[in-house]
Amino acid sequence: MNGFGNARPAQAEDLAAAGLQPAVDNSREPIGIVLEIAGSGSQIALDLQRLQECSGDGDPSIALAGQVGSQIKIRVGNGWLLASVRTQRQDSKTPGGILANIDFLGEGDEERLTGRIHGFRRGVTSYPIPGALVYPATSKDLREIYAGDGRNAIQVGTVFPTKDIRAGIYIDAFLGKHFALLGSTGTGKSTSAALILHRICESAANGHVVMVDPHGEYASAFRETGIILDVSNLQMPYWLMNFEEHCEVFLTSSGNDRQEDADVLAKCLLQARMKNRLAESMGKITVDTPIPYLLSDLTNILQNEMGKLDKATSTAPYMRVKSKIDEMKADPRYQFMFSGMLVGDTMADFISRVFRMPSDGKPISIIDVSGVPSDITATVVALLSRMVFDFAIWAREEKTRPVLLVCEEAHRYVPNEKNADGSSVGRVLSRIAKEGRKYGISLGLITQRPSDLAEGVLSQCGTIISMRLNNDRDQAFVKAAMPEGARGFLDSIPALRNRECIICGEGVSIPIRVSFDNLEEYKRPASADPSFSDLWQERGGEEDMVQRTVQRWRAQGR
């Protein structure tokens with residue numbers, strides 16, 4: 001008899017008498033019993049002897065049975081209940097006993113011939129009773145669960161601790177309800193992001209993906225499968241900005257002066273827009289209407305208004321705004337946006353190029369903003385994000401063409417209240433997080449500091465991919481945003497290896513620990529850390545390197 005009242009097979013004594021060891025099917029032998037039942041999880045008692053017997057099993061899932069983060073199953077009626085082990089502690093009352101807390105993941109039917117889980121589904125309808133037996137989940141069980149239910153999925157790695165069970169992400173649920181990729185610096189986050197985006201592009205050659213790249217890392221990864229837009233070829237027309245974005249770029253004052261400057265800019269900007277022939281055919285336009293105007297018209301209107309005797313304010317607001325516009329027109333760093341060549345009505349062409357419509361086999365556009373002057377970087381990202389949102393709103397009458405917007409270093413653009421700087425990009429991306437899925441916009445946030453994200457944004461992400469997080473605040477922030485059933489997995493976040501992650505949420509059947517696939521060298525982003533020990537051994541060529549760097553520095557280009 002074992003510790004749970006189950007008799008060993010009758011022939012075991014005969015085999016022992018003959019000096020042979022009976023072959024035990026560990027998947028059919030219980031490893032514990034249920035002690036206590038609660039709505040989301042329960043407490044079980046595990047038999048240390050049985051766990052030690054299982055540890056030598058050839059099935060890696062059975063070998064890890066009972067360990068924190070492993071899966072166990074409980075028979076309920078004619079089916080199985082799948083649960084994850086969250087915590088363990090020694091039972092002081094029972095020698096060799098272990099008490100463990102578990103989180104329920106879902107349930108499935110029992111396949112009669114094999115006894116494994118079949119037809120798995122998330123959620124629990126029937127709970128076990130105290131005294132129910134606990135069994136190890138086998139690799140065959142997990143393969144059935146992770147095989148999915150026929151929905152389109154992208155394969156990104158293997159399920160830990162197995163070597164052959166593929167980890168799939170349901171692409172519609174993954175993109176339809178936003179996602180976040182989190183991980184401390186050096187964990188392989190950029191390469192993992194590139195892997196996921198490559199898999200998405202491979203499965204949807206006619207997709208529409210826009211990625212904001214603040215460090216110029218991803219150009220090398222998507223040269224063959226996407227287009228790279230930077231300050232040399234972005235050609236973003238300044239007149240696409242709405243009034244709020246105009247204020248961020250053209251106004252330098254603060255307090256009461258800023259309100260005066262904003263009033264002056266609003267009046268003059270509207271007059272400049274109305275000079276376009278489009279304004280005559282459209283009838284009523286506003287200061288936000290995206291129709292072209294000449295910067296020279298705007299400065300001339302400011303000059304004329306400044307000379308009027310009946311103006312409401314002094315000449316100072318007009319001078320401040322005009323001086324800033326003249327300064328930006330003359331600065332070559334801003335030519336990608338404020339060039340005199342960008343006055344034509346190219347709005348449709350710009351949207352088609354950036355949003356990849358048509359994609360022409362290159363469904364992703366990488367917007368490299370590393371060369372954009374830092375004082376307007378947030379405005380450029382805000383403009384791109386707002387155009388994605390506005391386009392989706394006004395395209396609802398057409399056949400919906402969903403757009404995926406991916407933001408690397410997301411904490412820079414959607415900061416919490418403590419780090420907020422009042423820029424419009426945070427408000428735009430927060431609105432996309434809350435309302436975007438209604439209009440066919442998917443938001444992907446990539447960051448190493450989730451605790452610096454705006455409150456509530458992470459909770460809007462239906463799927464969370466968490467790599468190793470070293471900071472306690474970040475770990476607590478992620479745990480608060482993840483569903484209850486994933487808590488057992490979350491405890492292993494500090495112990496994850498590089499290029500390992502926990503995936504939970506709508507994009508997967510159940511929370512899983514995944515080891516990401518290797519990505520080909522030419523598909524990886526240029527984010528590798530420099531090797532100090534190697535590079536500091538090299539000599540020669542430093543003078544020429546410094547000269548070339550200074551030339552690029554002065555020319556503000558690569």
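Glu521 sits in the loop that links strand β18 (512-516) to helix α19 (532-535). In this predicted model, Glu521 has a relative accessibility of 59% and counts as exposed. Glu521 and Ser220 are 301 residues apart along the chain, and their C-alpha atoms are separated by 9.9 Å.

**The protein as a whole**

The chain has 558 residues, of which 51% count as buried. Its secondary structure consists of 20 helices and 18 strands. The C-alpha trace spans about 110 × 60 × 45 Å along the principal axes. Contacts between residues at least 6 apart in sequence can be sorted by how far along the chain they reach: 70% of them join residues at least 24 apart.

**Helix α7**

How many of the 8 residues of α7 are buried? The count is 6, so the helix is largely enclosed by the rest of the structure. These residues are Phe243, Glu245, His246, Cys247, Val249 and Phe250. They pack against several helices, among them α8 (256-274), α10 (295-307) and α11 (316-330). The list also includes α12 (335-338), α14 and α16 (424-435).

His246 is one of the residues of helix α7. Its relative accessibility is 0%, so His246 counts as buried. Leaving out residues up to four places away in sequence, His246 touches Tyr238, Met241, Leu251, Leu265, Leu269, Arg273 and Tyr293.

**Two contacts of helix α14**

Helix α7 (residues 243-250) and helix α14 (residues 374-394) have axes that come within 10 Å and cross at roughly 165 degrees. Angles over 145 degrees count as roughly antiparallel, and therefore α7 is described as roughly antiparallel to α14. The crossing is left-handed. On the α7 side, the contact is made by Glu245, Glu248 and Val249; on the α14 side, by Ile376, Thr379, Ala382, Leu383 and Arg386. Sorted by class, the residues of this contact are 4 nonpolar, 1 polar and 3 charged.

Helix α14 also meets α16. The axes of α14 and α16 come within 8 Å and cross at roughly 30 degrees. An angle under 35 degrees counts as roughly parallel, so α14 is roughly parallel to α16. This crossing, too, is left-handed. From α14 the contact takes in Ala378, Val381, Ala382, Ser385, Arg386 and Phe389. From α16 it takes in Ser424, Val425, Val428, Leu429, Arg431, Ile432 and Glu435. This contact has 8 nonpolar, 2 polar and 3 charged residues.

An α-helix has 3.6 residues a turn, so residues three or four places apart point the same way.

How many disulfides does the model contain? The count comes to 0. A disulfide needs two cysteine sulfur atoms within 2.5 Å of each other. The cysteine sulfur closest to that of Cys247 belongs to Cys268 and is 12 Å away, which is too far for a bond. For Cys461, the closest cysteine sulfur is in Cys407 at 11 Å, again too far for a bond. Cys461 is buried, at 8% relative accessibility.

**Backbone details in loops**

Arg499 has a relative accessibility of 24% and counts as partly exposed.

A further backbone detail concerns a proline. Met357 and Pro358 are joined by a cis peptide bond, with omega at about 0 degrees. Pro358 lies in the loop between helix α13 (347-354) and strand β13 (364-368).

Definitions and conventions: Residues are numbered from 1 along each chain as its sequence is written. This is a predicted model: local features need pLDDT of at least 70, side-chain atom pairs count only at pLDDT 80 or more; totals for chains, interfaces and linings use all residues. Side-chain values use heavy atoms; hydrogens and water are left out. Buried means under 20% relative accessible area, exposed over 50%, partly exposed in between (1.4 Å probe, protein chains only). Axes are lines fitted to C-alpha atoms, for helices over the stretch in contact, and angles run from 0 to 180 degrees between N-to-C directions. Helices (H or I, at least four residues) and strands (E, at least two) are DSSP runs, numbered from the N terminus. Angles under 35 degrees count as roughly parallel, over 145 as roughly antiparallel, 65 to 115 as roughly perpendicular and the rest as oblique. A crossing is left-handed if the near helix is turned anticlockwise from the far one by less than a right angle, and right-handed if clockwise. Contact means heavy atoms within 4.5 Å. Ala, Val, Leu, Ile, Met, Phe, Trp, Tyr, Cys and Pro count as nonpolar, Asp, Glu, Lys and Arg as charged, and the others, Gly among them, as polar.
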